[in-house]
Amino acid sequence: MFLFKKNNEINKMAVFVFVFLIFWKFFILWLLTIQELPSNVPAPIFLDKIIHFSLFGVLSFLIFVFFYLTNNGKFESIMIAFFWSSFYAIFCEYIQSFLPYRNASFFDFLAGMLGAMIILAAAFVKGGIWEHKDKRNPRLLLHICCAGCGVYVSSLLQKNYKIVLYYYNPNMHPKAEYKKRLKEVVRVAKKYKLELILGPHSHDKWLEKIRGMENEPERGIRCEACFRDRLEKTVQVAKKRNFDFFTTTLTVSPHKNFDIIKNIGFDMEKKYGVRFLCQDFKKDGGFQKSIKLSKELDLYRQNYCGCEFSRQVGKPKMKSL
Ligand code: SF4
């Protein structure tokens, strides 16, 4: 079922498309049971080619939409749709070679593939229509570290950007804390009707990335590696899903060094070609505003940054981040 999940909820549209896709595949198979028209019966020229063109055009479109809705990139979804529909077209022709009243035809296969290619080329050019419903505002992928910072930054940027939240924080430990913060983020996403994409919580891999820096102080090189990991993953998702901008709520916290985050953001912009929205969200009382908003919404506010090294036993806890 993971394929159908979006925002940790069932993606109803993907389920609907999937059901229709299965129906369409069986419909194509059912058509194979119908005897071909005898050659002496008048029929429009190329009728069977037009039928193949249409059937496989629709099939490839459904496959494309299904994969696109389940968080795959546009190009990736197009390639999957093309190979899947090609395979199915070959399979159908192969079956026909065994049926006494039908014939396998290479030209039928070509007609089907032509239909798929034209539909997928149109999806490639116009595929952005699903993403750019709001033409006025550029699309921004906002990396969100916690609900409190996220709610403030979203409310600040919503007027000028179409925001999608991205929760990717493999640094968080223990898992219960990760889930607690996630639960609040989901609450905020629902309340403000924002799409939320979940990244993996691969804490072991994160530990490998910061190996040797465990004892570094906060605001030091461990944190820099931690920011880099989170921003790199964010920009990769932003690129894959054709966002115009990416940024992070990490700059809300006065405990985080803005210049380090800024430099990493621009490094990522250069490396991946997606624009980094460089903004120090703690400015103009941003941090205090985020605390005020959190209190109004009764959001959980953590008292340590996230990793086990910022939460060592005996270490005095920060008041609120
Ligand atoms: S203290 Fe915070 S920013 Fe630094 S490594 Fe730990 S989780 Fe990452």
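Strands. I started with strand S3 (residues 139–143) and strand S6 (residues 245–248), which run parallel and are joined by four bridges. I count strands as paired if DSSP finds at least two bridges between them. Leu 142 has Thr 247 as its bridge partner in S6. I then followed S6 to strand S7 (residues 275–276), where two bridges pair them in the parallel sense. There, Phe 246 has Phe 276 of S7 as its bridge partner.

Ground rules. I am reading a predicted model, where local features need pLDDT of at least 70 and side-chain atom pairs count only at pLDDT 80 or more, while totals for chains, interfaces and linings use all residues. My residue numbers run from 1 along each chain as its sequence is written.

Elements. I noted ten helices and seven strands in the protein; these are DSSP runs numbered from the N terminus, helices being H or I of at least four residues and strands E of at least two.

Confidence. I looked up pLDDT, the predictor's confidence in each residue from 0 to 100. The protein averages 86, and 86% of the residues score at least 70.

Ligand. Which residues are around the ligand? I listed Asn 171, Glu 218, Arg 222, Cys 223, Cys 226, Cys 305, Gly 306, Cys 307, Phe 309 and Ser 310, taking a residue as near if its C-beta atom, placed from the backbone, lies within 6 Å.
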